[in-house]
Amino acid sequence: MDWKIRRFGQGLFTVWAVVSLTFFITRMMPGNPVDAFVAQIGPELENPQEAYELAETYMNINPEAPLHVAYRDYMISMVQGDLGRSMSQNAEVTELMAEAVPWTLFVMSWAIAISFVVGISLGAIMAYWEGSTFDTAVTGYATTVTSIPFYVLALLLLMVFGYQLGWFPTGGRQPSGVEAGFNLPFMLGMIHHAALPVFSMLVASGAASLTMRGNSVRILGEDYLRVARLRGLADRTIAVRYVARNAILPMYTGLMIAIGTMFGGAVVLEEIYTYRGMGYYMIQAVRMRDYPLMMGAFTVITIAVVIALLIADLTYGKIDPRAGGENREAF
Amino acid sequence: MKPSEDPSDDATDPRAGASIDEFVPDRPDDATDGAADSATAVRSDGGTVDADSPFETTASVAETRTDRVDRFFEEYIRTPWSILRTDWRALAAFAILGTYILIATVGVYLIEPTESAHGPQLLGVFETWEFPLGTTSSGKDVLALAVHSTPSILVMMASGAVFTVVIGSFFGVVAGYKGGMVDTVLSTITDVFINIPGLPLVIVLAMLLEEWINNPVALGVLLAVAAWAGLARSIRSQVLTIRSESFIEAARAMDLPTRWILLREIIPHLLPYIVVNMMNAARRVIFAAVALYFLGVLPFSDANWGVMLNNAYNAGALYRTSAIHWLLVPMIAITGIAIGLILLAQSLDQVFNPRIRARHQDLGDDDQIEPDSETDTKDMMNV
Amino acid sequence: MTISQSAAQADRPNGDVIMELDDTSVEFGMSRGRSRVLNGVDFEVSRDEIVGVIGESGSGKSMFASAMLDAVPEPGVTTGDVTYYPEDDDPVSVTDLSKEELRRFRWEEVSMVFQGAMSSFNPVLKIRTHFVETLSAHDYNVERGLERVRELLEDLYLEPERMLESYPHELSGGMKQRVLIALSLVLDPEMLVMDEPTAALDLLMQRSIISLLHDIQDKHDLTIVFITHDLPLVANLADRLAVLYAFEFAEVGPADDILEDPAHPYTRALLNATPNLSAPLEEMRPIEGESPDPVNIPEGCSYHPRCPIADEMCRSHDPDAYDAGADHDVHCHHWEDSIENIDNALASSGSMDRSRRTAADRSADEEPVVSLDDIEVEFGSENDGLLDFGDSEIVTAVDGISLDIYQNDVVVLVGESGCGKTTLGKTAVGLQQPTDGTIEYKGRDIWEGSGNSSTLADKEIRRALQIVHQDPGSSLNSHHRVRTILETPLKRWHSDLDGNDRRERILGMLEYVGISPPEDYIDRYPHQLSGGEKQRVALIRAMLINPDLILADEAVSALDVSLRVSTMDLMIELQDVFNTSYLAISHDLSNARYFAEKTGGRIGVMYLGELVEIGSPEQIIHDPKHPYTQALRWATPELDRDEDIDDNPMRTIDVPDQTNMPSGCRYHTRCPKAREVCRTQKPELIDRSDEDGVQHTACFRALEDHEYWDSEPIAEEPPAAEETGSAD
């Protein structure tokens, strides 16, 4: 029980650290956004003093306030869910993000789920027929696929299935001309738009399959497997309860790192497919030098990853009875 | 083998005739004032009085310089090579990576840099020998662009990979070995970085540090910022296992310095893992760098695969068949080097496996009964 | 040694045979050639008997076990006939069964208990699931099956419900082993094959399980094949004994005959090489040489290279089975005269008339090398600082122990695992900082000036205190060659030596401890050494820097039986040469006795972090005052068949939970002689030394007038399920 609280505290700590980092970046780094903002719009205003007020509106940071006061105010507005105001979109960052987050989550959770299911299945079959042609072929596939960056695959898929064959839309996130809501055409359209981005992330399945194969081969040599065979358990029971379950457990860490990588990858993926999620807004913000939106998107993506990892960590305890604290004895 | 026999019973023994007393080494009582004194005290009657004793022996025949050079050569060159020579993956990896290095060093002199209107617009692949890989919409030679991108990419890759591994190993090894408060602090920092998605962080930093990241080394280091934490965490957990091994305790009992224990006792066990991860880090650095150039968030001056991708994409290469080569050439360049890195990682693992090492050396009879352990490379290829 | 159907076997009535192996071999194809890990053995197991099969590691004993279930792991191949005779059905040829028949045969007719109980359970499934899936895989009624399981678990002194609801990692080693026995009996098999079932357990637990096996065999009409490297362990359990050497049987016969009248020279040597409590030390001697490699088995009798009475005949002709009495077969050409000759031959092969001091000779005013004063060591879940809400559970591993170790002294600590003996040892050599109390090296506090650091500030003290570990595999860094491993301490402490001097010294040392040719070994990696060689290298490494005290942490327990005595002899010899003291740790009273008695040292008995008795080996072995020492004494197997092993002198089998130590005398929860006063009062060490030797005992019974004698006995109850369990 207590390690769950501890893990939760750790998540909060990370969010705090990241938000503080964004404050530090926005306010204190040489060439920081606040100074740039003031320098940029100050001369255009009749009263240069207004630039400071505008800075506070857009970035929650008053450049004239003492550092600790500015920090306190910044943290307060963050806790209140105020991420500032976007200059390019002329809207509250929080509103923009609230609208974009579900789309990114939708694509990324499917991408992670599908690539791991594919990877684990391939790995399990490889281990079962260790040394077969299938094994060699999939090892080759996995090595190749791991060598392809996901955005290269995304471009190729878009080129072939989007433009050449025209099977999938080349951009956007929802069908046009269909009323948004829980109706079948809209849902199908959503899936249609998300399909290519999701499949672009399949490159992650390569590494997962090799890991799964290695783990399974190792489990096949364990004593308890030999005992289970002697006890006369059915092959299916052994494959599912003994091999698969024990081989998948150690991959949980890999999955957690993949969550971070994939959410980060959303930045590129959404840009390629002009899929308006968090990453898309972030790149737009970078292009427009829209610092509030950029920092806001960065903060929101980080929080999403923190929450995803937290859920992964906490559920791990449910599936592995051995999970718990670790030894940190000093010497 | 008669370890329990009294030495004085055995007439053929080289130590024959020596009484038990002569075997007694000088006691530390002679030198309780400190380590330095003890060392000299041992020396004082070390090699002279009991030259016969195995415990006080000093050399009669000097190991020549040639012997030592030979031993070094055997250990670090001949053995690894004889292992790698037999592995097709290593040979393929060397061929691939060698080609890239050749292109980056020799190729840039053979193929002249290109500029706008160097040739006709959007020439296809293998249409003329002057532009074998075709041209861009502004008439630049695609081959020349790809070749002249290579040096900066390789430098970026190397600096990023080295930096990732150095920082990751340092955090992991120190946190794991020292434990306690040091571990708590380092692990907390690591955990925070694991939670921050890499690419967005790099984009934010790249935006703000525009002025400093104008060279490939700096960019490599910047990209490593997002990659070291995962490595640090997994190395830490491995160090936690290794440090509880008996040989580490024995080393501590012998008062070997912490630096020695970390570098000579622990790191060799991690080396396969670290090297494999260096290859993976190199791969990820390239992927990330190209992605950033593709997105156009990095300032660029030189030719660059990512910039090529970006330009081709913006020129509509996705739907203009005549421009496809412009897009495909950088894609193949990236994928090719990544394959080379993965194959090298898989085969290098074997060099560090002591069982395989021993088999490639002349030690007379080769009496190992255990079968070779399954190579671990594949498990290490985390996503 | 291919045995023809000899007269001895033909006249055995076939009616009560349950399993017969005829010319059975197991082969593995290896890159260096075919390796026969079981070489054409003939063997019969009679119904309802207990057969003990004894063999050192690499003798083929595990393959023998697997062959009986046709369960040799891939790519091994079993040849020959394995026939199973059901009680009232036709004989079954096990090797010819179909996959489905084999699946039913295993576990329903013959089941098996493996060596690795720790790893025999699926870590993610509850114990209950293991039972249920076994029952349903064989179409047994699960409800009735679980009733039987509960009964079995109770017979094994386990709480059925708690066990069934636990995950494997929540149980201690001894519990897992007993649950595994229950699992193997769940389908009520006729025969049980046990391959080293107790190897990883403490002596007390081993002995308890052995005595439980007796009852279980009676109750369930089982036939048990008990395979072990430890001859004394099965000595009074087995009806018959079979000795495996080099993948063949050397001798098979009734246990009494084999123990009292061994006919094969190997059996005889094995009996002599096994440390035990009663035999005089002079009779114990190591077996020279090493077991042969499966690819390269010697011509003729495979034992001839190590046999003191081998002659031309043995070198050329593989001996068939000779009949050495009723049901007693021996594969030795000279079995008839071997009994007389072996003793003479062995006696002449090495004389050991070492005169040692005894503990009594040690003058009381001699200054101790290392002196422990009221040492206390606690472990707790450490506070991680930031955001730690965990309640830390503190385990006191060592609780107030004082001990002086003199020059050239030997102290052997014995006790169950978890009793704190290793922690105390590491504390004594400065590898573990005590929570309380002081350790002095020649009068200087070793932790002085070290502050919070975990390393000793005084480098000279650090050098003086060294350690040799239990597991030879992990005590040498697998990435370094022998040269580097041994050079490192020389570089650190004898910086005056140059590379050639170091090399010469290392070569000399290797040769001295019997590793030859040293030039060959110096460039090897640890995995190219045998276990005994590794341990000797580890010993040299510690010795090279002239320590005053070496902690030998179970230094011989990972070695083969035949190597233990020789390794201990080597340690004793090195002690003479280097004037070193040993603090040895052992879970095995007979090893402790050998080491301490030969060096005139002391044995200290630890229980739950306390030293409950310490004294000369003669006193501890022959006149133990503390009931716990008496229990250890009971648990130490003897070659004496008359001893009654059913009489467990403890009230519970499992050790109490260490986070919740019993009050008063910590042993009172298991002590058969405990009285009410033991619950509340804690006994101190009482000096009971007399002219026979030194002895200090922490038990009220050592005092003639103590209120103990008027106190009410704690109700005498038969061994019951553990009150509190210790999980690891």
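Modeller: In chain C, among contacts between residues at least 6 apart in sequence, 70% join residues at least 24 apart. Two residues are in contact if their C-beta atoms, placed from the backbone, lie within 7 Å. This is a predicted model, where local features need pLDDT of at least 70, side-chain atom pairs count only at pLDDT 80 or more, and totals for chains, interfaces and linings use all residues. Residues are numbered from 1 along each chain as its sequence is written, while chains are lettered from A and ligands numbered from 1 in the order in which they are written.

Biologist: What makes A:Ala70, A:Tyr74 and A:Met78 of H4(A) buried?

Modeller: A residue is buried if 20 or more other C-beta atoms lie within 10 Å of its own, exposed if 12 or fewer, and partly exposed in between. A:Ala70, A:Tyr74 and A:Met78 count as buried. They cover an arc of only 70 degrees around the axis, so they sit on the same side of H4(A). That arc is taken from the directions from the helix axis to the C-beta atoms. The face turned away from the buried side carries exposed residues, including A:His68 and A:Arg72.

Biologist: How do you know that the span of H4(A) is close to the expected one?

Modeller: The expected span is 1.5 Å times one less than the number of residues. Helix H4 (residues 67-79) of chain A has 13 residues, and 18 Å is expected. From first C-alpha to last, H4(A) reaches 18 Å. Helices (H or I, at least four residues) and strands (E, at least two) are DSSP runs, numbered from the N terminus. Just after H4(A), A:Gly81 has a positive phi of about 85 degrees.

Biologist: Which strands of chain C stand at the edges of the open sheet, and why?

Modeller: Eight strands of chain C form that sheet, in the order S6-S7-S8-S3-S9-S10-S12-S11, with mixed pairing. Strands S6 (110-113) and S11 (322-323) of chain C are at the edges, because each has a single partner strand. Two strands pair if DSSP finds at least two bridges between them.

Biologist: How many bridges join S9 and S10 of chain C?

Modeller: Six bridges join them, and the two strands run antiparallel. C:Val243 stands opposite C:Glu251 in S10(C).
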